[in-house]
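I opened the model to work through its loops, cores and helix packing. My notes follow in the order I looked things up.

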Amino acid sequence: MDERKTLLVVDDEPANLQVLKNILASDYRLLFARDGSRAITLANTEKPDLILLDIMMPGLSGYEVIQQLSAAPDTKHIPVIFVTALSDTKDETQGFELGAVDFITKPVSPPIVRARVKNQLSLVKMDELKSTRLAVVQKLSRATEYKDNETGHHVIRMSHYAYTIARAAGYSPAWSETLLHAAPMHDIGKIGIPDHILQKKGALSGEEWKIMQRHTLIGAEILGNDTSELMQMAKNIAVYHHEKWDGTGYPYGLQTDAIPIEARITAIADVFDALTSQRPYKPAWSIEDASDYICKNSGTHFDPILVEAFNRCLPELLDFKKKWPE
């Protein structure tokens, strides 16, 4: 089985196709098209890993081809490098605006072609690894739900709450999105808590409560010492989301800024969703009562600055609650 990456090379000039074939054929499986319509057909049927696309062609231009590819769900994620004699800045700008990932100017340099193709395929591989890791994270979070009394929508709601609070507090979209994906792992350690404690409908005894509190440290053991930003953030959340601003939380009794910010944000998101959701051991609180609780515990349980952010974005949180009901 040929495990080489597949490239689709599109150019109306056979000589240009031959040049690129000579450069790339030893390392990649190549497909060829001499017009835009054929290129779109091959992109849909063969799903190449990368497309090298001429711009000036009879029939459909390269710009029109990439527009059609970008509009189709099955081909919109295929990276496109324009290989063209056009070298004006406005041509490159238009290409990038349409979704091209790179430009190679004719006449092509073999080392540049090989390097650009390799770099783009490396980026695709990184994206695939990130997607796979995220899928594993989501499945781990679902595993916790099967052990706990919480509904499947809890982790979805609270992670979106955390993202929205972070944005309201001034954190960047990229950092907040990492939080969105890390927050669902906040209770991953509950996998290690015995079912008779985790699913108990009545109040926990003192000894049972000590065992329950261990889910934070079990979470740290499960998530380990991965160096990625996502997993480091998830570990911080798992360990510290039950710490309190005034130092009365667990497992370490940390205070104020000693508690990682991602855990402080998740704490508000988690408590708000838990209060407004029905559980076997309690009815759902009203939005007013739950938000009042958050406000009354500002400066004791919760970071006061984050409580202000919570209040500013409360209407958005309620939209998420409607979108993913119990």
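I started with Pro251, which lies in the loop between α11 and α12. Helices here are DSSP runs of H or I with at least four residues, strands are E runs of at least two, and both are numbered from the N terminus. The peptide bond from Tyr250 to Pro251 is cis, with omega near 10°. I noted that this is a predicted model, where local features need pLDDT of at least 70, side-chain atom pairs count only at pLDDT 80 or more, and totals for chains, interfaces and linings use all residues. Residues are numbered from 1 along each chain as its sequence is written, and side-chain values use heavy atoms, with hydrogens and water left out.

I then looked up Thr256, also placed in the loop between α11 and α12. Its phi is positive, near 40°, and Thr256 is not a glycine. At 33% relative accessibility I count Thr256 as partly exposed. My cut-offs are under 20% relative accessible area for buried, over 50% for exposed and partly exposed in between, with a 1.4 Å probe and protein chains only.

**Another loop, another cis bond.** Lys106 and Pro107 are joined by a cis peptide bond with omega of about -5°. Pro107 sits in the loop between β5 (102–105) and α5 (110–147). For background, most peptide bonds are trans, and most residues other than glycine have a negative phi.

**Loop between α2 and β3.** I found Lys47 here. Lys47 has a positive phi of about 45° and is not a glycine. Its relative accessible area is 37%, so Lys47 is partly exposed. Pro48 is in this loop too, between α2 (36–46) and β3 (50–53). Pro48 is buried, at 4%. Beyond its neighbours within four places in sequence, Pro48 is in contact with Thr6, Leu7, Leu8, Leu42, Ala43 and Ile78. Contact means heavy atoms within 4.5 Å. Thr75 is 27 residues from Pro48 along the chain, and their C-alpha atoms are separated by 9.0 Å.

**Cores.** Which residues have the most contacts inside the largest nonpolar core? They are Ile165, Leu179, Ile265, Ile268, Ile294 and Phe310, in a core of 39 residues. At least two core residues come from each of α6 (154–168), α7 (173–182), α11 (229–240), α12 (261–275), α13 (287–296) and α14 (304–323). Another core lies apart from this one; its 21 residues include Ala39, Tyr63, Ile66 and Val80. A nonpolar core is a set of buried Ala, Val, Leu, Ile, Met, Phe, Trp, Tyr and Cys residues joined through side-chain atoms within 4.5 Å.

Leaving aside neighbours within four places in sequence, Phe310 is in contact with Ile165, Ile268, Phe272, Ser291, Ile294 and Leu317. Ser291 lies in α13 and is buried at 10% relative accessibility. Not counting residues up to four places away, Ser291 touches Phe272, Phe310 and Leu314.

**Helix pairs.** I took α12 and α14 next. They pack at about 50°, with axes 12 Å apart. Axes are lines fitted to C-alpha atoms, for helices over the stretch in contact, and angles run from 0 to 180 degrees between N-to-C directions. The two helices are therefore oblique; under 35 degrees is roughly parallel, over 145 roughly antiparallel, 65 to 115 roughly perpendicular and the rest oblique. Ile261, Arg264, Ile265, Ile268, Phe272 and Asp273 of α12 meet Leu306, Val307, Phe310, Leu314, Leu318 and Lys321 of α14.

For α11 and α12, the axes come within 8 Å and cross at roughly 55°. These two are therefore oblique to each other. Met233, Asn236, Ile237 and Tyr240 in α11 meet Glu262, Ala263 and Thr266 in α12.

The contact uses Thr216, Gly219, Ala220 and Leu223 of α10, with Met231, Ala234, Lys235, Ala238 and Val239 of α11.
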